[in-house]
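Let's walk through this model together, from the overall layout down to single residues. Keep the structure open beside you as you read.

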Amino acid sequence: MAKEDIQLFVKAQKASYDTKCLHGALDCDEKPIRAHSIQNARVLDLIQTEGHVTMPQYKLVKGEPVIKFEKVGRNDASTFSGLCSKHDTELFKAIDTEPLNVDKCEHLRQLAYRSVMREMHTELANSERLWAIHEEICREQKVDPGEAGSEASIRSLGFTKKAHNVFRYRSKHFDKPTEDGKTPDLRHLIIEMDNQKPVLAASALFSVGFTEEGDIIGPTLNILPLNATKTVGIISYPKEQEAAVKASLAKVFDADEKTLKYELAKLVIQRVENFTLSPAHYDTWSDDKKARVLREFEASLREPKDIPDHPDLNIFL
Ligand SMILES: [Zn+2]
């Protein structure tokens, strides 16, 4: 990245583009509020150390943007501004006001929906950040941003397309059935981890493939510590995608008790960017473990890839 681009990158990171409520048909004009994709009051509360959690963060090191695991204030961790106050309250009422009950479909559906909403917002924000960089470059070169192309504008359009894919996924599997008075037809794999300290939380949507029409095939993944000794992992997906999701995530679906946590941890490193760790837990890792987890996380960021097995990838430990 050229030096000017880096300055723009950092400037764009600080800008706020959170101007649109993404509810329903995107026709709500209320201003979005900052909300947690991973619940602050109960979940982050369990894993925080002195008010902080550890997350993957972009930083500038010697002029180059790099990813590092860094401490973030719990109030700033995992937040996104995708919904106005009314719609945020309405959509996530059950999971925000009741203790999580994995036997309640409504709870599982709301958790999955929040992961989808957060993903859509993230893709849009990435797109807008890159477009801002493009505009800045055009201003300096005195060309029309609508006419000229740049690497930033191409990448911006790529993120817009991703956001649109998520919107179509949301409409098809959640919004449309709800409008028709039906319950979204989801399936869930619930992984209950007893004797697990609260060290890791996550909320994400990721694709395992695409249909011929270009629609996302993929699940949401939520990992939530419930108390000092129990954590639950929930993989949710549309029923019609059951075979494809199970085949792609066979290592998790077919894991036995001994390998399940390891496989789930590996999936987080490979496919999830929105996860938080307990700083006290992270500090117990060896330097080798920290370096390996970061290396494999970074390697999987652009394109998901297989990563070589190693016991250190079990980030629950
Ligand atoms: Zn709204």
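Which domains does the domain assignment of the protein give? There are two entries, domain 1 (3-179) and domain 2 (186-313), with bounds that come from an automatic or database domain assignment. Before going further, please note that this is a predicted model, in which local features need pLDDT of at least 70 and side-chain atom pairs count only at pLDDT 80 or more, while totals for chains, interfaces and linings use all residues. Residues are numbered from 1 along each chain as its sequence is written.

Now for the overall build. The protein has 11 helices and 11 strands; these are DSSP runs, numbered from the N terminus, with helices being H or I of at least four residues and strands E of at least two. Its radius of gyration is 20 Å, close to the 20 Å given by the globule rule for 317 residues, so the protein is as compact as a globular protein of that length. That radius is taken over C-alpha atoms, and the rule is 2.2 Å times the number of residues to the power 0.38. Along the principal axes, the C-alpha trace spans about 60 × 55 × 40 Å.

How do the two domains meet? Their C-alpha centres lie 19 Å apart. The contact takes 34 residues from domain 1 and 33 residues from domain 2, where two residues are in contact if their C-beta atoms, placed from the backbone, lie within 7 Å. On the side of domain 1 that touches domain 2, at least two residues come from each of helix 2 (40-47), strand 2 (52-61), strand 3 (64-73), helix 5 (105-141) and helix 6 (151-179). Helix 5 gives the largest share of that side, 9 residues.

A residue is buried if 20 or more other C-beta atoms lie within 10 Å of its own, exposed if 12 or fewer, and partly exposed in between, with C-beta atoms placed from the backbone. Within it, Val-268 touches Ala-202, Phe-275 and Ile-315, leaving aside residues up to four places away in sequence.

Follow helix 5 along its length next. Its 37 residues should span 54 Å at 1.5 Å a residue, and its end C-alpha atoms are 54 Å apart, which agrees; the expected span is 1.5 Å times one less than the number of residues. Arg-139 lies in this helix and counts as exposed because it has 10 C-beta neighbours inside 10 Å.

Most residues other than glycine have a negative phi. Two loop residues are worth a look here. Glu-50, in the loop between helix 2 and strand 2, has a positive phi of about 45°. Ser-78, in the loop between strand 3 and strand 4 (79-84), has a positive phi near 65°. Are they buried or exposed? Glu-50 is exposed, with 8 other C-beta atoms within 10 Å, whereas Ser-78 counts as buried, with 23 C-beta neighbours inside 10 Å.
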